[in-house]
Amino acid sequence: MMIKRMYYFIKKDIRNSFKDSAVLIYVLFPIIIAIVLKLIIPGIESANITFVIDETSVNKQIIDTLDEYGYIETYNGVDKVKKRINDFDDVTGLIKENGEYKVIYEGNESENYTEITGVVLNRVLLSTEEVTIKLENLNITKSFIFEYIAIIVVVLCILFTSIMGAFNIVDEKEHNTVKALGVTPLNLMEYIISRAIIMLVFSTIITFICVIIMFGFNINYLNMFLAIIFSLGIGVLFSFIVGGFAKSEIEALGLMKMTGWLVSGIPIGAIFIPASWQWTLYIFPNYWMFNTIKNIFIGPQEVGFLLSGIITLASSIIFIIILMKFVGKQLKLR
Amino acid sequence: MKKLFSLVIQDIKILFRNLIFYLIPTLAVLIIVIINWVIPAENEIMSDVNVYIYNSGSNIWTNMLMAEFDEENFVDSYEELKTKVSETSQSMGIKIEGGIQNPSITLVHRGTESEEMLKLITTTFEYIVINLKKLPPDIISVLEGKENIDFNKIDEYQDFLVENFKGYKTENLRSKSERVPDNKAALPPILILEIVLLGLMFGAIMIFQEKQEGSIKAYRITPGSTLMYIASKYLVNISLSLVYGFLIMVFTMGFTFNYLHFLILTLLASSLGTLIGLSISVFFKEINEFLPIMMLLLFIGGVPAISYFSPSFSPFVISIIPTYQIIFGYREILFPTGKEGFLLNMSLILLVENIVLFVISYLLIKFKLMRERG
């Protein structure tokens, strides 16, 4: 009977979700992000020194050689070169004055940038000596930036489905559907589980599509599915914090903005916070969600996949139990 | 003025009723805590590539490289080198054989690097090898020795090489700017996402609330004009953005920059966000429908942050996004490098964009929102 009640509730909710075009955009949006990032990230990762060269003074052979190291923009005259250098991005200017080469920087470039460009320019301008450096490719396809961004995208996929859930809850409150549910045998536990199942379905679809776009089939998708299950608690938590406390969709938007920082900010913070300070994040279930997914994309971590996942689920359930004492009164289910 | 004032009060009440006024100080505190105490001033994630070295050649290589790397960077075998590079993200290995005159150097890489990146790295090593050959014999014999390496002498000669074997002169258009701490460097993108795009959200919130309550229908029969309708929302949003912005800046940067410049840029930028929010919300009945579009706009608006953190990556398609110039504008205001005239140029561009958007939002609100049925 419990399963039947939950089944009808889930069916109703999914039907309602598809009544307007919003759900389509919720599903499409993370996919669009994944596609855009897949296109942009290789550009960021590749060395992209831009040389801005005065073609009237620098000889063509130098320009052609520098073309092997980055992008070349040529300008007619020193003034135009300097004007280009003043733009917001980092570029390296090259002119020839009185027979000597001169490199022009804006002055706000990082030390790393000027060092790298300096080495390249010295090599190209100064020495024709042949030196052979062999390369050995280990063919490890995972990339550093992409790994971390992929984790954030997966977190966003789960967040998006919980936003959908949150707005459905608010919609039920606004239309008094939740009062009607209150006189049915459906109890709070069944309500939560039903919502979790809906989130699981949508999260899995959206996350899998995004990860396939970004990584193809080089990922352990069974672990990915398990990670989504482990992270359901966080989705439910976020959904009920926003949907449970907001009286209107507009209030939900405000609450979403506030709590969104915590939900997505903790994983982003975990990337930047030094290892010695990571313990400050241990209390947050989404930190462990981040670690679970990190085990999939980056490789085995100090706390492994299964343990991280269990901690994620367990800690989020604890928070849900605490939250339900407050939200339960709002929803007035059995 | 009285009509405008009552509209402003009405809009403020809408934001109050929907917890927005509590949102601003809460978020400001959160951001202040994150900038001051969470993000480190120098974060490890952006630090250099991990380099592992296996030297089976002359001692000179180890002794030279010890000046730059720690003992943990050196491994005892080629297999260990490959294992370390495989297991560590953002890493590279160097295998060295032979002496200075005929070295054999192999760069072991993970395979994710682009051709240009590999070219840069091999060039760096070519440069090192060529310069090592130029070292005087007394230094070479010191470096070949196993004990009592004077690393100061090596540093001296590195400086000597840098100064005397440079193929070019250098000019900086402005004096070299100081390194910005990583936590403070995060402020411009945060200002874009929170302050500029907040206007997008709040402008829409007010319109949707009024649609829900039927206030727009009531407004149509009042003597109030569309201009006044827009002006009240505009004023409330701009004021909120300024308060929010100043709260964050005072407690993160103190009074270390020009607040007047900050005021001008924030005014123009948040006004842009407000007008976009007002314009687009006209097309949707409920906020639930608008939300994904808002997120898409937030994402697009946030994309220039990529170029901000990676300044040599600024493709045209990113540079035309309005927040691109705003993010760099904030960078120049908060961490001045002496860029002359930029604020004026940027303000003029933003002013023109604001005027165009104002006309668009006026027309949309007058001819669509104010004439909508239901």
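These are legends for several close-up views of a predicted two-chain model.

Residue numbers start from 1 along each chain as its sequence is written, and chains are lettered from A, ligands numbered from 1, in the order in which they are written. Because the model is predicted, local features need pLDDT of at least 70 and side-chain atom pairs count only at pLDDT 80 or more, while totals for chains, interfaces and linings use all residues; side-chain values use heavy atoms, with hydrogens and water left out.

View 1. Five strands line up in the order S2(A)-S1(A)-S3(A)-S4(A)-S4(B), with mixed pairing. Strands here are DSSP runs of E with at least two residues, helices are runs of H or I with at least four, and both are numbered from the N terminus; two strands pair if DSSP finds at least two bridges between them. Strand S2 (70–75) of chain A and S4 of chain B sit at the edges with a single partner strand each, so one side of each has no neighbour in the sheet. From one strand to the next, the twist averages 25°. Angles run from 0 to 180 degrees between N-to-C directions, and axes are lines fitted to C-alpha atoms, for helices over the stretch in contact.

**View 2. S1(A) beside S2(A), with a helix lying across the sheet.** Strand S1 (residues 49–54) of chain A runs parallel to S2(A), and six bridges join them. Look for Phe51(A), which stands opposite Ile72(A) in S2(A). Helix H4 (residues 78–85) of chain A lies across S1, S2, strand S3 (92–97) and S4 of chain A, plus S4 of chain B, and runs at about 155° to S1(A).

**View 3. The hairpin of S3(A) and S4(A).** These two strands run antiparallel and are joined by five bridges. Gly93(A) stands opposite Ile104(A) in S4(A). Two residues lie between the strands of the hairpin, and Asn98(A) takes a positive phi near 55° there, a positive value in a residue other than glycine. At 77% relative accessibility, Asn98(A) counts as exposed. The cut-offs are under 20% relative accessible area for buried and over 50% for exposed, with partly exposed in between (1.4 Å probe, protein chains only). S4(A) itself is mostly covered, with five of its six residues buried.

**View 4. Where S4(A) meets S4(B).** The two strands pair in the parallel sense over four bridges. One pair to pick out is Tyr105(A), whose bridge partner in S4(B) is Asn172(B). A salt bridge is found here too: the side chains of Lys102(A) and Glu171(B) meet at 2.8 Å, N to O. That pair crosses between chains, from strand S4 (residues 100–105) of chain A to strand S4 (residues 169–172) of chain B. Lys102(A) counts as buried at 15% relative accessibility, and Glu171(B) counts as buried at 18%. By salt bridge we mean a side-chain nitrogen of Lys or Arg within 4 Å of a carboxyl oxygen of Asp or Glu.

**View 5. A salt bridge between helices of the two chains.** Glu194(B) and Lys257(A) meet side chain to side chain at 2.9 Å, N to O. This pair also goes from chain to chain, with Glu194(B) in helix H9 (residues 187–213) of chain B and Lys257(A) in helix H10 (residues 249–272) of chain A. Both residues are buried.

**View 6. Salt bridges within chain A.** Asp64(A) and Lys60(A) form a salt bridge (3.0 Å, N to O). Both lie in helix H3 (residues 60–66) of chain A, four residues apart, about one turn of the helix. Asp64(A) counts as partly exposed at 40% relative accessibility, whereas Lys60(A) counts as exposed at 59%. Glu73(A), Arg84(A), Asp87(A) and Asp89(A) are linked in a salt-bridge network. Over all chains, the structure holds 13 salt bridges.

**View 7. A nonpolar surface patch on chain B.** Leu344(B), Leu348(B), Leu351(B), Ile355(B), Val359(B), Leu363(B) and Phe367(B) make a patch of about 650 Å². Patches are made of residues with over 30% relative accessible area and no salt bridge; like charges are joined within 9 Å, and nonpolar side chains (Val, Leu, Ile, Met, Phe, Trp, Tyr) within 5 Å. Areas come from the Shrake-Rupley method with a 1.4 Å probe, and for residues only the protein chains shown count as cover. Leu351(B) is found in helix H17 (residues 342–369) of chain B and is partly exposed, with a relative accessible area of 41%.

Key: Contact = heavy atoms within 4.5 Å.
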